[in-house]
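Visitor: I'm new here and would like a tour of this structure. Could you put it up on the screen?

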Amino acid sequence: MLLKPKITISGANEHTDIKGLIALIRKYYHSSGIEIELGIQVSPTKAFYGSERYQWLMELHKQAFYTNHTPIRVSLHVNPGWVEQICAGIFPLELINLIGFYGNGGGLDVERIQLNFLIGREQAPDMDKLYWVINSFNSRRFIFTYNDANRDFIHEFYKRYRICFDLLYDESHGEGKPAQQWQPAVFSNIPQGYSGGLSPDNIEQALDSIFAVNEPDAKIGVDAEGQLKGDDGHLSLNKADAFVANILRWCKNSNCK
């Protein structure tokens, strides 16, 4: 029997209605054990103190905690400018504050940190320093993006340190292009996410293909962003709702546990 996939809805930001977003999370919070995570893009140009995104995150936490008592799982997707610093063991104060959210009773619950480095665009991280960072924040999971540019680094890192990170398979380097062919999980003992052109219309077919190349008990996730945008170029809560609903339908038809 297949395990339910972890769902990451990426792209929520200061253009996203907070009440509507919380309502979406609450709608599925106790829905057959489905797990929804928000992927929030952060960088020194987008999430600095006083920026619209930073203030929006604070307000999202406040409303989810005080008004709705709703835990909101979050993955911080750390982009260039900050990702180099984190990999070197330097944490900007804004990120320290955000990572500190742990929403047992409601509010933001930052469970994972996605390091969007791309070797060639940036220098390869120092492995020992990066492992020290991961080990220092052992209550959080770190995500590496797996693609042609990062492949050799990740395999060497795994060889040295083994199980200490999650993976996101994204051969389009964050461009939202569908994979030519979904590949099996890179490491059988590491949770693997899949990204690239996923939408409400194609997610069920994509899940069929992804699980066809993986073991039934594989810990699999899906991450959608580009195809969930509305005509205004920002996250559409209606499309996000349809995306989750279609995954639930697929799980029901596939007898997920």
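Visitor: Which cysteine holds the sulfur closest to that of cysteine 251, and how far away is that sulfur?

Guide: A quick note before we start: this is a predicted model, where local features need pLDDT of at least 70 and side-chain atom pairs count only at pLDDT 80 or more, while totals for chains, interfaces and linings use all residues. Residues are numbered from 1 along each chain as its sequence is written, and side-chain values use heavy atoms, with hydrogens and water left out. A disulfide here is a pair of cysteine sulfur atoms within 2.5 Å. The sulfur closest to that of cysteine 251 is too far for a bond: it belongs to cysteine 256, at 3.4 Å.

Visitor: How many disulfides does a search of the whole structure find?

Guide: The whole structure was searched, and the count of disulfides is zero. Take cysteine 87, which is in none: the nearest cysteine sulfur is 12 Å away, in cysteine 164.

Visitor: Is cysteine 251 buried or exposed?

Guide: Let's set the scale: buried means under 20% relative accessible area, exposed over 50%, and partly exposed in between, using a 1.4 Å probe and protein chains only. Cysteine 251 has a relative accessible area of 5%, so it is buried.

Visitor: Where is leucine 76, and which residues is it in contact with, leaving aside its neighbours within four places in sequence?

Guide: Leucine 76 sits in strand E3, residues 71–78; helices (H or I, at least four residues) and strands (E, at least two) are DSSP runs, numbered from the N terminus. With a relative accessible area of 2%, leucine 76 is buried. Contact means heavy atoms within 4.5 Å, and leaving aside neighbours within four places, the partners of leucine 76 are Ile40, Val42, Leu95, Leu98, Ile99, Val110, Arg112, Ile113 and Gln114.

Visitor: Which side chain makes a polar contact with that of threonine 70?

Guide: Threonine 70 lies in the loop between helix H2 (52–67) and E3, and at 2% relative accessibility it is buried. A polar contact is a pair of N or O atoms within 3.5 Å; within protein, one must be able to donate a hydrogen and the other to accept it, and residues adjacent in sequence count only if both atoms are side-chain atoms. At 2.9 Å, the partner is arginine 26.

Visitor: What is the phi of arginine 162?

Guide: Most residues other than glycine have a negative phi. Arginine 162 is in the loop between helix H6 (151–161) and strand E6 (166–169), and is partly exposed at 45%. Although not a glycine, arginine 162 has a positive phi, about 65 degrees.

Visitor: How are the rings of phenylalanine 144 and phenylalanine 157 arranged?

Guide: Rings of Phe, Tyr and Trp (its six-membered ring) pair if their centres lie within 6.5 Å; planes under 30 degrees apart count as stacked, over 60 as edge-to-face and the rest as tilted. The structure holds 17 such pairs. One of them is tyrosine 49 with tyrosine 54, whose centres are 5.0 Å apart and planes at 70 degrees, so that pair is edge-to-face. For phenylalanine 144 and phenylalanine 157, the centres are 5.3 Å apart and the planes at 80 degrees, so the arrangement is edge-to-face.
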